[in-house]
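Thank you for making time for this today.

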Amino acid sequence: MNQTDQILLQPSAAGLSSEEAKSLLLKFGPNVLRTQSGTSWWKITLRQFASTLILILIFAAAVAIFMGQLVDGIAILAIVFLNGCLGFFQEWKAERTLEALRSMLSHKAIVVRDGVETQIPVSEIVVGDLLILRTGEKVPADVALQNTVEFQVDESVLTGESDAVHKSFSAIEPSQRKAFMGTNVVQGHAEALVTATGMNTKFGEIAELTTELGEKTTHLQKKLELLGRQLGVMALILALLIVLIGWLSGRAPLDMVMTGLSLAVAVVPEGLPAVVTLTLALGARAMVAKNALSKRLQASETLGAASVICTDKTGTLTENQMTVTQIWLPVCGVIDVTGTGYDPAGHFEKDGKRFDYSKNTALKSLLSSAMICNHASIQKVGDHWQEIGQPTEVALIVAGYKAWLPMPSGENLVREFPFTSERKRMSVVCAEDGHAIVHIKGALEKILPLCSEYMGSDGVLQIDQKMRDQIKTQHDFFAGKGLRVLAIAQRKTGLEGTECSETERDLTFLGLVAIIDPPRPEVKNSIALAKSAGIKVIMITGDAPQTALAIASSLHLPSTIVVTGDELQTKSDDELDHLLAQDVMFARTTPEHKMRIVRRLQSHGHVVAMTGDGVNDAPALKQSDIGVAMGIRGTDVAKDAADLVLLDDNFASIVGAIEEGRRQYANIKKFVRYLLASNAGEVVAITGSIILGGPLIFLPIQILWMNLVTDGFTALSLGLEKSEANIMEEKPRSNKDGIIGAQGMATIMTFAIYTGVSSLLVFHYMLEYGVIVAQTVAFTTMIFLEKFSVFAFRSLSLPWSAIGFFSNYWLLGALTMTLGLQVLVVYWPPLQQILHVAEIPLEFWGLIALITLPIVIVPELIKVVRQMRLAS
């Protein structure tokens with residue numbers, strides 16, 4: 001049972017009493033949406049420790065502490081804590097930034113309480129309240145209209161349609177007698193009775209769809225979770241196997257447990273969670289600089305994997321500012337109007353040349369009538385123009401300003417006949433020099449039959465059938481391009497006749513005005529770049545098919561098929577799949593349609609990015625792999641449902657975000673392979689030492705030093721590698737592609753065998769100098785091999801000549817620092833004691849350098865030869 005079923009609504013000019021309002025507020029609760037509250041801090045905290053790799057590290061720390069290796073255990077827990085802090089602070093910062101962006105509902109509303117107009121917080125509105133709604137305000141609840149005066153509402157946040165909707169208490173259509181939460185009043189004023197609040201509104205019903213979907217897991221998270229589980233199982237099996245072999249061969253159980261722990265620590269890349277988190281956090285900061293806010297660290301990386309972008313039209317591809325683009329006059333044909341949006345900068349052109357409007361009486365008359373028969377206005381606020389009124393009427397005012405016409409004062413207004421859905425026209429009567437001028441605008445089919453004359457080159461001429469056909473042909477041409485077309489006419493008459501039937505006749509036809517919500521100028525290049533990156537862009541809008549086609553054509557968005565929501569409703573999943581494989585767009589869609597389209601794309605393995613700003617976009621934003629909301633115009637529900645928020649509402653920022661996401665994923669692949677190659681080399685060395693029956697080559701604390709300290713800094717510097725030149729020319733990666741892959745595994749094992757065997761040979765060669773010296777040399781050799789192998793992982797295909805040896809100063813700095821630290825370990829007594837190493841003679845460093853040299857030269861030679869083959 002909904003709210004209106006539970007209360008008997010009796011509209012009264014006095015509104016509710018204060019006591020009634022308090023009682024209803026207690027009964028139904030505040031007028032808020034559950035999605036408005038941000039994620040709790042404790043949920044964000046727990047999310048940082050929900051990774052398999054993190055749980056493995058905690059387990060390893062517990063085992064180390066239990067075995068008396070307190071330093072090892074504390075070191076691992078410190079990494080876990082650092083990782084959690086980094087993730088928490090990044091997500092918490094994103095949540096706080098989003099709170100600052102939340103501006104969907106007005107903070108205050110005017111209601112009638114106890115017979116007096118009172119301003120109250122929106123959250124205190126209750127069912128039964130009598131609301132006062134005025135131009136420029138947001139409707140704060142679902143309402144039934146009581147009294148309306150020229151009342152029009154922009155419902156694009158709910159429906160996706162850019163045209164304002166006329167509302168009236170006396171309208172025949174039930175939906176036109178209602179207004180809904182979150183929509184904007186663009187013209188007129190009204191008294192309205194609140195029928196639903198909060199989650200019981202139409203706005204709330206759509207918002208509820210987003211909560212039912214739950215939290216989604218990104219592809220990176222899934223792959224890292226899988227990798228973590230695989231490494232965990234591998235670590236456990238190896239550790240148990242080595243302990244069992246050692247125990248059967250008669251070795252001391254405690255020694256074998258420590259050996260097993262060493263192997264387990266060596267298998268698991270302890271630094272990986274911290275490096276991934278730091279890389280994504282740094283990437284998120286880079287995204288903010290590009291006006292894209294990641295709500296989750298993995299958001300931009302997932303966007304980099306997008307193979308399809310499903311985008312809304314209104315306010316996303318377009319400016320959401322209606323603009324007059326062309327005017328047709330019987331006297332001279334089509335005149336182009338330059339400039340877009342509500343900024344009156346622009347001029348008139350004819351056949352590509354500037355048109356002198358000052359000498360054209362017909363154009364000035366048309367623009368003057370369009371401005372007089374109008375309720376809108378614009379004013380400059382700071383460095384931008386602020387509109388007041390219905391978007392179509394604002395467009396007419398802006399066109400008049402481009403001809404330097406003054407804003408009508410309205411002082412000589414005699415009578416007005418308003419626009420209604422039945423009349424589809426509006427007219428005003430103004431007094432002028434003892435007579436009256438009727439100015440009228442509206443749909444051609446309603447105005448042309450009332451015209452007996454037209455403005456020609458020789459003044460006012462009688463309109464004949466040939467001219468009527470010419471006017472209709474031009475109208476159909478504009479409409480076929482997706483333009484909204486208004487006819488403008490006027491008539492000089494006496495002041496005595498003020499009835500509608502007396503004034504709206506024998507009109508002089510002035511011309512046609514073609515209006516469109518223009519595309520954002522930067523979007524065309526963004527769509528072209530997305531196409532070159534193998535990303536398909538699909539428009540899904542609530543607007544009309546002709547309008548959608550016109551915008552798509554102007555943006556060079558390939559769309560040969562337009563499917564409406566009604567047509568989509570009749571199609572099976574197989575038929576929809578067939579359509580999605582072609583150049584298709586969708587018009588007149590509902591939230592359910594958008595979700596279905598996203599799901600079908602996902603069922604075929606696509607990584608789907610969904611952009612939007614309205615409440616009608618929110619369910620699909622939540623369902624998609626990466627939801628991208630507009631930060632300025634976007635509704636609260638859309639922002640909450642999204643993973644990424646564009647702070648400048650610029651669709652072009654998505655392309656920059658995709659490139660950044662691809663860079664992040666490419667770098668994650670690089671350092672994952674690098675870390676695993678390093679760890680696998682340690683496993684090869686440890687296992688080989690045990691098989692050969694020698695002492696333990698590396699101690700657990702030494703492995704932690706390699707994995708957490710030296711490898712961590714180097715891997716992080718890999719995460720800062722710049723994008724490779726061809727990164728936006730590559731096709732989107734498949735969901736089936738792993739982080740490592742077969743080629744990556746072959747690379748890892750090649751490096752592991754070389755580093756592991758080299759360290760093992762050095763270790764056994766140095767045993768004659770004592771175990772500690774042999775361990776020190778092997779330990780140092782492994783670190784040098786791991787550090788210098790990083791050059792091979794800077795690019796998985798390009799040599800230094802293509803990426804630049806000095807292009808990543810962070811890597812060179814990390815390399816210098818970690819090698820310096822190792823020298824300090826060998827020669828500084830405090831670190832010698834902690835890591836159980838001994839000072840080694842200088843001549844041993846020559847041997848270490850000789851062994852390290854091939855790992856730098858050979859991979860580079862292979863890449864150069866490969867590039868030469870590709871070039872030939």
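I will begin with the chain as a whole and then move to particular strands, helices and residues.

What you are looking at is a predicted model, and the protein chain averages a pLDDT of 82, with 86% of the residues scoring at least 70. One stretch to treat with care is residues 100-106, where the pLDDT is below 50, although this stretch still has 22 contacts in the model beyond its near neighbours in sequence. The protein chain contains 32 helices and 28 strands, and of its 872 residues, 56% count as buried. If we take the contacts with a separation of 6 or more, then 71% of them are between residues 24 or more positions apart.

Let us turn to strand S22, which covers residues 507-516. How many of the residues of S22 are buried? The count is 10 of the 10, so S22 is largely enclosed by the rest of the structure. Several strands pair with S22, and I will take them one at a time. Strand S10, residues 323-329, runs antiparallel to S22 and is joined to it by 5 bridges, and here Gln-326 has Ala-514 in S22 as its bridge partner. Strand S21, residues 484-493, is also antiparallel to S22, over 7 bridges, whereas strand S19, residues 451-456, pairs with S22 in the parallel sense over 3 bridges.

Helix H18 spans residues 545-554, and within it Thr-547, Ala-548, Ala-550, Ile-551 and Ala-552 are buried. As background, an α-helix has 3.6 residues a turn, so residues three or four places apart point the same way. What do the buried residues of H18 pack against? They pack against S22, strand S23 (536-539) and strand S25 (584-587). After H18 comes His-556, whose phi is positive, near 60°.

In the loop between S22 and helix H17 (523-532) we find Arg-520. Is Arg-520 buried or exposed? With a relative accessible area of 15%, Arg-520 is buried, because the cut-off for buried is under 20%. Setting aside residues up to four places away in sequence, Arg-520 touches a number of residues, including Gly-315, Glu-319, Leu-555, Asp-649 and Phe-651. Asn-650 is also touched by Arg-520, and these two residues, 130 apart in sequence, have C-alpha atoms 8.1 Å apart in space.

Next comes an open sheet of 6 strands, with mixed pairing, in the order S8-S28-S27-S26-S9-S23. Its edge strands are S8 (292-294) and S23, each of which pairs on one side only, and neighbouring strands are turned by 20° against each other on average, if direction is ignored. Inside this order, strand S27 (residues 626-630) and strand S28 (residues 644-646) pair in the parallel sense over 3 bridges, with Met-630 standing opposite Leu-646 in S28.

Helix H21 lies across S9 (308-311), S23 and S26 (608-612), and it runs at about 160° to S26. H21, residues 591-603, also packs with helix H20, residues 573-580, at an angle of about 80° and with their axes 10 Å apart. These two helices are therefore roughly perpendicular to each other. Which residues meet where H20 and H21 come into contact? From H20 there are Asp-573, Leu-576, Asp-577 and Leu-580, and they meet Arg-596, Ile-597, Arg-600 and Leu-601 in H21. By class, this contact has 4 nonpolar, no polar and 4 charged residues.

I will end with two buried residues in helices. Ser-678 is in helix H24, residues 652-691, and at 3% relative accessibility Ser-678 counts as buried. Leaving out residues up to four places away in sequence, Ser-678 touches Asp-711 and Glu-786. Thr-781 is in helix H27, residues 771-788, and Thr-781 is buried, with a relative accessible area of 0%. Apart from its neighbours within four places in sequence, Thr-781 is in contact with Ser-759, Val-762, Ile-848 and Ile-851.

Definitions and conventions:
Residues are numbered from 1 along each chain as its sequence is written. This is a predicted model: local features need pLDDT of at least 70, side-chain atom pairs count only at pLDDT 80 or more; totals for chains, interfaces and linings use all residues. Side-chain values use heavy atoms; hydrogens and water are left out. Buried means under 20% relative accessible area, exposed over 50%, partly exposed in between (1.4 Å probe, protein chains only). Helices (H or I, at least four residues) and strands (E, at least two) are DSSP runs, numbered from the N terminus. Contact means heavy atoms within 4.5 Å. Axes are lines fitted to C-alpha atoms, for helices over the stretch in contact, and angles run from 0 to 180 degrees between N-to-C directions. Angles under 35 degrees count as roughly parallel, over 145 as roughly antiparallel, 65 to 115 as roughly perpendicular and the rest as oblique. Ala, Val, Leu, Ile, Met, Phe, Trp, Tyr, Cys and Pro count as nonpolar, Asp, Glu, Lys and Arg as charged, and the others, Gly among them, as polar. pLDDT is the predictor's confidence in each residue, from 0 to 100. Two strands pair if DSSP finds at least two bridges between them.
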